[in-house]
Amino acid sequence: MRVVSLVPSLTEAVAVSAPGVLLGATDWCSHPAGLDVVRVGGTKNPDVERIVGLAPDLVIANEEENREPDLTALRKAGIEVLVTEVRDVPGAFRELERVVRACGLRRRPRWLDEAEEAWRDLPRPTRRLRAAVPIWRRPWMVLGRDTFAGDVLARLGVDNAYASHAERYPRVPVEELRAADLDLVVLPDEPYRFTSDDGPEAFPGVPCALVGGRHLTWYGPSLTEAPRVLGEALRAAVR
């Protein structure tokens, strides 16, 4: 089996679960460390000709991260494309199992069992927090409805203030965010790299939790430690 992955989290899942299967990945595929494969461009602008030249048996993609015209071009070149759709934690586990099986694994990887166990045995939150989750600034954009990251946070006791918005990633003026009666602002380091010096200053008087995007938005081996790592960051912000 020869596989190209166009999704960073799925790249990590395949590389860890089936060493030697992955031959290509995007420039944004940073895990596992030292990944030695052919780079095929970005998630939104992959080099289709290079991918076709690698002659993979399978290309792994995601309906949100990758563009349909690129996937259509790959299919027209005779390449099988597996497109995942992940909107919540249970869906992530279903899609991850589908991906590893498509890559030729007959047994579920151990990390997948451990991840499901970690999310199944979550402690009950002592209180729920109302939060906004910016993902970009200039302009400000936040998590809206029906997102994987929103479901992750909800399971950890953090309710997205924009979960009922008509858009999945709405633009919201910072003045509106400041007036939204929030208990917390969650600032991930991707896609926009929020830091202690870039982000919290926009929300005076509101606790801000700086979190790793890999734990908040990736669905792969990072799911095994995400509840603990995110939980610690969220609790530290509101102490």
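Predicted model: local features only at pLDDT ≥ 70, side-chain atom pairs only at ≥ 80, totals over all residues.
Colleague: Is Arg 228 buried or partly exposed?

Modeller: Buried means under 20% relative accessible area, exposed means over 50%, and partly exposed lies in between. Glu 225, at 29%, counts as partly exposed. Arg 228 has a relative accessible area of 47%, so Arg 228 is partly exposed.

Colleague: Which residues are linked with Glu 225 and Arg 228 in a network of salt bridges?

Modeller: A search of the whole structure finds 20 salt bridges. The network that holds Glu 225 and Arg 228 also links Glu 12, Arg 214 and Glu 232.

Colleague: How many residues apart are Arg 168 and Glu 64, whose side chains meet in a salt bridge?

Modeller: Their N to O distance is 2.9 Å. Arg 168 sits in the loop between β9 and α7, while Glu 64 sits in the loop between β4 and α3. The pair thus links distant parts of the chain, 104 residues apart.

Colleague: Which parts does the salt bridge between Glu 201 and Arg 137 tie together, and how far apart are they in sequence?

Modeller: The closest N and O atoms of Glu 201 and Arg 137 are 2.9 Å apart. Glu 201 lies in the loop between β10 and β11, and Arg 137 in the loop between β7 and β8, so the pair ties together parts whose separation in sequence is 64 residues.

Colleague: Which residues are closest to the centre of the largest pocket?

Modeller: About 900 Å³ of space lies in the largest pocket. Its lining has 11 nonpolar, seven polar and six charged residues. Of the 24 lining residues, the closest to the centre are Thr 43, Glu 65, Glu 190, Pro 191 and Thr 217.

Colleague: Which helix gives the largest share of the lining of the second largest pocket?

Modeller: This pocket holds about 450 Å³ of space. Among its 21 lining residues, those closest to the centre include Gly 231 and Arg 235. The largest share, five residues, comes from helix α9.

Conventions. Residues numbered from 1 in each chain as written. Heavy atoms only, no water. Salt bridge = Lys/Arg side-chain N within 4 Å of Asp/Glu carboxyl O. Helix = DSSP H or I, 4+ residues; strand = E, 2+ residues; numbered from the N terminus. Buried < 20%, exposed > 50% of the residue type's maximum accessible area, 1.4 Å probe, protein only. 1 Å grid on protein atoms, 1.4 Å probe; cavity = no way out; pocket = protein on both sides within 12 Å on 5 of 7 lines; lining within 4 Å. Points joined across faces, edges and corners; volume = space filled by probe spheres on them. Nonpolar A, V, L, I, M, F, W, Y, C, P; charged D, E, K, R; others polar.
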